[in-house]
Amino acid sequence: MNNEYERPIKLGRISYTNAWPVFHHFDPAALSFPTEIHSDMPATLNRKLRAGEIDMAAISSYAYGISSDTYYLLPNLSVSSNGRVQSILLFLKSPLEEVIHGKIALTTTSATSVNLLKIIMEKFYGGKPTYEDAEPSLEKMLENADAALLIGDHAIRASWTKHGYRVLDLGEVWNVWTGHWMTYAVWAVHKKTANRYPDAIHHIYEHLLESKNKSYRNMEPIVAKALSQIGGTSEYWHNYFATLCHDFGPEQKAGLQLYFRYARELGLMANDVELLELPVQRVIDNLPNCR
């Protein structure tokens, strides 16, 4: 191990398919310094990064917001959509007018989606439902609730079943009400780590951006992986990845700042948020993929 690094740099990887284009071609063995990959659900990565158990990670946008003073954002990296996202879904057992004042079972795997739902229910629809945490199993969630929120691959698989429920795509609802993009996850690094190991963090960032660019030049390997591990059809996965955006430009930032504003207005977060990006040592080519 290089003496400059007392320990490996620990990088958190979201295990959901929505982050695959950024991570698929990332190979820590290609780096000249030790790097550990920690794959997990967003909520777990949120906690680990905040606790300092990992150094940098793809985390929920909300988790960045409440701890933004301790992180840098990695430029040009996010999970966003301009409308339908297809993997953040509210399944309604009861009519919407009952759901907004009823009980909603929540996935515990992502903070952004849960608070986006609260913004939609309370600010957009004027409701005040009660919420209960639940394991991500649609039928079990709906045994004692009027609606259930699922995200990521759990939402995708549930959407393929003959469930018979009305489904709201939260990305679409957000866009209809605001006209803005929605950013669900960002890539963040502890300022202390970035300041102590600037070369290492910058090189990891370069490799993540190169992985994303390579993915968008040819999505076939990622589609094949999704077919093998999750199922579905090639058409579905091509459409799914085409719907997502992994850039983080002015339009995505504007949508995220509106999300943070609404979260503060509802008392879901207390602090103002500055989107402070990692100071890059040189301009890195970014292949835009947002539509």
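User: Which helix gives the most to the lining of the largest pocket?
Analyst: Helix H2 does, with four residues. This is a predicted model, in which local features need pLDDT of at least 70 and side-chain atom pairs count only at pLDDT 80 or more, while totals for chains, interfaces and linings use all residues. Residues are numbered from 1 along each chain as its sequence is written, and side-chain values use heavy atoms, with hydrogens and water left out.

User: What makes a stretch a helix, and which helices each supply at least two residues of this lining?
Analyst: Helices are DSSP runs of H or I with at least four residues, strands are runs of E with at least two, and both are numbered from the N terminus. Helix H2 (42-51), helix H3 (61-66) and helix H5 (111-124) each supply at least two residues of the lining.

User: What makes a space a pocket, and which residues lie nearest the centre of the largest pocket?
Analyst: On a 1 Å grid over the protein atoms alone, a pocket is an open set of points with protein on both sides within 12 Å along at least five of seven lines, and a lining residue has an atom within 4 Å of a point; a cavity is a set where a 1.4 Å probe fits but cannot get out. The largest pocket has 18 lining residues, and Ala43, Asn46, Tyr62, Ser110 and Ala111 lie nearest its centre. Its volume, the space filled by probe spheres set on the points, is about 220 Å³.

User: Which domains supply the lining of the largest pocket?
Analyst: Domain 1 (9-81 + 182-266) and domain 2 (88-178) each give at least three residues. The bounds come from an automatic or database domain assignment.

User: What lines the second largest pocket?
Analyst: Its lining includes Arg84, Gln86, Ser159, Asp169 and Tyr236. Strand E9 (166-169) and helix H8 (170-178) each supply at least two residues, and E9 has the largest share, three. The volume is about 150 Å³.

User: Why is asparagine 18 called buried?
Analyst: Buried means under 20% relative accessible area, exposed over 50% and partly exposed in between, with a 1.4 Å probe and protein chains only. Asparagine 18 has 13%, so it is buried. This residue sits in the loop between strand E1 (9-14) and helix H1 (20-23). Leaving out residues up to four places away in sequence, asparagine 18 touches Val79, Tyr240, Leu244 and His246, where contact means heavy atoms within 4.5 Å.

User: How many aromatic pairs are there, and what makes a pair?
Analyst: Rings of Phe, Tyr and Trp (its six-membered ring) pair if their centres lie within 6.5 Å; planes under 30 degrees apart are stacked, over 60 edge-to-face, and the rest tilted. The count is 16. Tryptophan 160 and tyrosine 236 form one, at 5.2 Å centre to centre with 85° between the planes, which is edge-to-face. Tryptophan 160 lies in helix H7 (residues 152-160) and tyrosine 236 in helix H12 (residues 234-243), so this pair ties together parts 76 residues apart in sequence.

User: Are these two residues buried or partly exposed?
Analyst: Tryptophan 160, at 33%, is partly exposed, whereas tyrosine 236, at 16%, is buried.

User: How is tryptophan 160 paired with tryptophan 237?
Analyst: The pair is edge-to-face, with 6.0 Å centre to centre and 85° between the planes. Tryptophan 237 is in helix H12, 77 residues from tryptophan 160. At 0% relative accessibility, tryptophan 237 counts as buried.
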